[in-house]
Amino acid sequence: MSSSSTVSGHLAASGLAEVASSEASLRRFLHGLPGIDAVGLQARAAGLGTRSIKTTAKAYAIDLAISMIDLTTLEGADTPGKVRSLCQKAKNPDPGNPDVPHTAAVCVYPDMVPFAKDALGGAPINVAAVATAFPSGRAGLPVKLADTAEAVAAGADEVDMVIDRGAFLSGRYLEIYELIAEIKKACERPDGTAAHLKVIFETGELVTYDNIRRASWLAMLAGADFIKTSTGKVTVNATPANTLVLMEAVRDFRSATGIQVGVKPAGGIRTTKDAMKYLVMVNEILGDDWLSPDWFRFGASSLLNDLLMQRQKLASGRYSGPDYVTVD
Amino acid sequence: MALFDYAPAPESRAAAGDIASTYGHFIDGEFVESTGSEALKTVDPSTEEVLAEFAQGTEADVDRAVAAARKAFTSWSALPGAERGKYLFRIARIIQERSRELAVLESIDNGKPIKETRDVDLPLVAAHFFYYAGWADKLEFAGYGSNPRPVGVAAQVIPWNFPLLMLAWKIAPALATGNTVVLKPAETTPLTALRFAEICRQAGLPKGVVNIITGDGRTGAALTAHPEIDKVAFTGSTEVGRAIARTLAGTTKRLSLELGGKAANIVFDDAPVDQAVEGIVDGIFFNQGHVCCAGSRLLVQESVHDDVMDALKRRMSTLRVGDPLDKNTDIGAINSAAQLARIQELTAAGEAEGAERWSPSCELPSAGYWFAPTVFSNVSATHRIAREEIFGPVLSVLTFRTPEEAVAKANNTPYGLSAGIWTEKGSRILWMASKLRAGVVWSNTFNKFDPTSPFGGYKESGYGREGGRHGLEAYLDV
Amino acid sequence: MSEPTTALRLDVYKTYKLFVGGKFPRSESGRVYEVTDRKTGEWLANAPQGTRKDTRDAVSAARKAFGGWSGATAYNRGQILYRAAEMLQGRRDQYVAEVALSEGLTAKKAAPLVDAAVDRLVWYAGWTDKVAQIAGNANPVAGPYFNLSTPEPTGVVGVVAPQGGTGFSLLGLVSVLAPVIATGNTAVVALAPGAPLPGLSLGEVLATSDLPGGVVNLISGRTEDIAPTLASHADVNALDLAGVVAEEGPASARDLEVAAAETLKRVLRPESASHDWTTAPGTDRLLTFLETKTVWHPMGM
């Protein structure tokens, strides 16, 4: 992971350090990004969605997808018991089948972080906490900072923050830039390490692909380690097309700055078939460098069971059923 | 080796149904043997395996087919439009039912990827019949007078690049307007047309309304020169189009031609660049570049030339070349040895003339006819690869500085079939579209087709339109 | 101080000249040929014998004028064609005389033919801004695309003017020329060699109608010189063979079509030599020299 000083060094080297020096300059930059033709973008995403992933490729992709899941519970009804159960599933997704990989992380509300840490013990599974007045982001900066600090203090390895979509849609980009930069600071731990920062755009509320591209660059300039489509709490969550925009953004950002940023589609990805489409996009848009849980995640809950059923089918040749995977 | 390597995902070859070892013609509702003894072979261009033998149509065969069409014309043209339409609706439906079979057969005979026959060719074929079926009883409202009449017997000669789709473009409007047809498929791709003959029988189409006669250019010449035909519709090379126009000179026969192209795909500095790159790729690598309206000349604004080239090369590196029946194949086989030789000749000329050649590393199968996707940069307007139609997966890149220059370069060709414009500026799109001398202008998209949308060229790309309301005119006496 | 004069006053004869690029040049060859009264055979005038080179110059002028004329608004083209009708009306008597001599008619029979020519110009003047509405189309494609087909002029059209039929010399000429230019094409016309005078005079009407130079070019002379030059010229986009009469040889419809095939020119075949040009024209000629351009654009946010 790049330290903040290295990031600013890269930005300076690529001439992007001054972009956020003023609202006007930031606005000029974001509006100077190439436009996106919606129909062409959707056609490209749909085209990649027709790839046929079979046999060995499917087996590889299923295990990769499992290992990329941020297994998520974000309910008002969450309890320590529910979170503990989720963590067991993350560690050992298919009880009868120990060679199934564990998920990348569990994703919970900040107050659930201690229970998750406890349940995971020493397992190499991160705890991600949604913070900054998730999902709406409608709170003042001190509240968001406190929310983040609490999660990090409780041991969160990753922080999934939301941007202020109201500010974005009214053009107050610098405010969002500064928010992200502040949260990034709040992610720092006393020992000098920092929780990974994922920035959620809530693409369904940004509506246009041009906005999503601008939000992506805005977040990356401000120091996001990952960019993430959605909270899972609105009507339109991750789609192949809006995730494609994020992928193009991280690809272009690395070309421009040398800094690699991760991508996380979240919400609405429920089937193996869906997951395959996203992995095909990672493969063909971003390539090998992003084909790992360090750089690509699925924010999902029910997806895991479908992947497990498909995995069982591949192994046995028989279709599996919901009674053969665990309810958590 | 890549981390995520797609395993083979082959479509079943058996889905193509039975391919006979030899085929005759389809005349007057029957499959008949040729009066001659000469047979041609059609091969799977991805393996060079012989798929079937078929008849080289003789003048006597052409006579029989034209006579059958002439005889059928009387009753077919007298049939109420609504009934003619119902036959076409039936055909459209049977094509939908049998679309997997036809897609696989087309891929085998032509070499194009199953992804395209399945997702592009066959859906468009069915849609074309469905569209013109609906016109059959509405011709008096088409804007060609209150009493539009059929022309008579149409001689139709089609190319090998979209065998069944070109058949649909020819037969659907001809039949809807009350004409009868004699159609000759290309000599490298006769199989789907012969399978279509079976569909005509399943649909109960009256005998002689559709006649399919196979053979090479000699058969085509005999058909288009036949004294008893009333109309010729040809899609193919400009050279053959010229010859047909000469043949019909001084007669009363009607002619529509859809010929070659050397389309400019113009990318401005404010283009939606990711979609533009997709459009460039789709424009020249769709169907191995065997497309008359292919965007074979990329005109890119100098200020973004390097960025666009980088993005294009990156994208080309992900193109998958190989087995046409693999569902993940993007680029299939070149249709024939002759076409491959033509592509090789022109690309060699491009190198010799000093253009810079680049292809992604890609392994080509040892048997069959293959050509890697190729881009030439530093191309000058005088280079052969900037002027001649290559009809293969080969892109020539030129630059421009201003919109005027882009228009001047785009129009600087005897062809005028299609053009592409990529810019986010609406008024510039409309200005460019009005200046480009091309029959189809795709702005911020490329290679889109629809039965309702007229297609055809300016200048030496031919005359007449296929598709849409305009497509009726070629088959109506008004 | 005036005295009654009995001295003969000589009429001023008109020197008939070609109409090329908005100017009235003599033929580059310097040659003329005799034009005679259709009925009596008496000498009427010397017409310039336009050559292949005159034809080539006319094609250059027509090409040069094409961008401006095709780019002019349809309303503007309509205004200019209507202006031409006004000018023709104002010179009615002159044309009645020329048509009578050209077609061997009495003035009384020639007059309605001239009136009909005026009316035909008015008919086409009204078409300029409507033709796109009957020849164009919004196409409901099965996808998120705006798709529109519009007619555009083909380019430079070579016209072989009618050489026979009722009213051929002026009404016939106007009937073939007006639809070509109404839609934005430019024209090079091979005038009827035996009856070129109304056509040569038409240049005077067009020159005073704000028609940009080169939009219409009128060449008198031997059809077998002019028509094959047009048919084989690579910078001519289309041919109207309306007045072709030769059965054989380079000026026959067949040979001209063969020559035209070299660059895939659009060809309108000959009209019957006994065609009655007073019959209502319909839209056939108007729609002939058009190309359909279809523009696609995605519709997305």
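Leaving aside its neighbours within four places in sequence, which residues is Thr72(A) in contact with? In this predicted model, the partners of Thr72(A) are Leu86(A), Cys107(A), Gly299(A), Ala300(A) and Ser301(A). Thr72(A) itself belongs to strand S1 of chain A, which covers residues 69-72. Its relative accessibility is 15%, and because the limit for a buried residue is under 20%, Thr72(A) counts as buried. The side chain of Thr72(A) also has a polar atom 2.6 Å from the backbone oxygen of Asp70(A).

Chain A holds a further local feature, this time in the backbone. The peptide bond that leads from Phe134(A) to Pro135(A) is cis, and its omega is near 0 degrees. Pro135(A) sits in a loop of chain A, with strand S3 (126-131) on one side and helix H7 (141-153) on the other. As background, most peptide bonds are trans, and most residues other than glycine have a negative phi.

Phe391(B) is not a glycine, yet its phi is positive, near 60 degrees. The loop that carries Phe391(B) runs between helix H12 (384-387) and strand S16 (394-400) of chain B. Phe391(B) is classed as buried because its relative accessibility is 17%, and the class requires a value under 20%. Asn447(B) likewise has a positive phi in a residue other than glycine, here near 50 degrees. Asn447(B) is found in the loop between strand S18 (440-443) and strand S19 (462-463) of chain B. With a relative accessible area of 6%, Asn447(B) is buried.

Domain 1 of chain B is made of two segments, 13-259 and 458-477, while domain 2 spans 264-443. The centres of the two domains, taken over C-alpha atoms, are separated by 30 Å. Where they meet, domain 1 of chain B contributes 32 residues and domain 2 of chain B contributes 33 residues.

The size of an interface is often given as the accessible area lost when the parts come together. For domain 1 and domain 2 of chain B, the buried area is about 2700 Å², with 56% of it on carbon and sulfur atoms. On the domain 1 side, Trp160(B), Tyr458(B) and Lys459(B) supply 22% of the area buried against domain 2, more than any other three residues.

How many salt bridges are there across the interface of domain 1 and domain 2 of chain B? There is one salt bridge. Asp330(B) pairs with Lys115(B) in a salt bridge whose closest N and O atoms are 2.5 Å apart. Helix H3 (99-110) and helix H4 (114-135) of chain B each give at least two residues to the side of domain 1 that touches domain 2. That side of domain 1 is made up of 11 nonpolar, 10 polar and 11 charged residues.

Chain B also meets chain C. The contact involves 36 residues of chain C and 44 residues of chain B, and the area buried between the two chains is about 3000 Å². Carbon and sulfur atoms give 49% of that area. Three salt bridges cross the interface of chain C and chain B. In a salt bridge between these chains, the side chain of Glu262(C) meets that of Arg246(B), at 2.8 Å from N to O. Polar contacts between chain C and chain B come to 27 residue pairs, both residues being at pLDDT 80 or more.

On the side of chain C that touches chain B, the elements giving two or more residues are helix H5 (131-135), strand S4 (145-153), helix H9 (253-261) and strand S10 (290-298). The largest share, eight residues, comes from S10(C). By class, this side of chain C has 14 nonpolar, 12 polar and 10 charged residues.

What remains is the contact of chain C with chain A. Six residues of chain C and five residues of chain A take part, and about 460 Å² is buried between these chains, 72% of it on carbon and sulfur atoms. Between chain C and chain A there are zero salt bridges, and zero residue pairs are in polar contact with both at pLDDT 80 or more. The side of chain C that touches chain A consists of five nonpolar residues and one polar residue, with no charged residues.

Conventions:
Residues are numbered from 1 along each chain as its sequence is written. Chains are lettered from A and ligands numbered from 1 in the order in which they are written. This is a predicted model: local features need pLDDT of at least 70, side-chain atom pairs count only at pLDDT 80 or more; totals for chains, interfaces and linings use all residues. Side-chain values use heavy atoms; hydrogens and water are left out. Contact means heavy atoms within 4.5 Å. Buried area is the accessible area (1.4 Å probe) that two parts lose on being put together, summed over both. A salt bridge is a side-chain nitrogen of Lys or Arg within 4 Å of a carboxyl oxygen of Asp or Glu. A polar contact is a pair of N or O atoms within 3.5 Å; within protein, one must be able to donate a hydrogen and the other to accept it, and residues adjacent in sequence count only if both atoms are side-chain atoms. Ala, Val, Leu, Ile, Met, Phe, Trp, Tyr, Cys and Pro count as nonpolar, Asp, Glu, Lys and Arg as charged, and the others, Gly among them, as polar. Domain bounds come from an automatic or database domain assignment. Helices (H or I, at least four residues) and strands (E, at least two) are DSSP runs, numbered from the N terminus. Buried means under 20% relative accessible area, exposed over 50%, partly exposed in between (1.4 Å probe, protein chains only).
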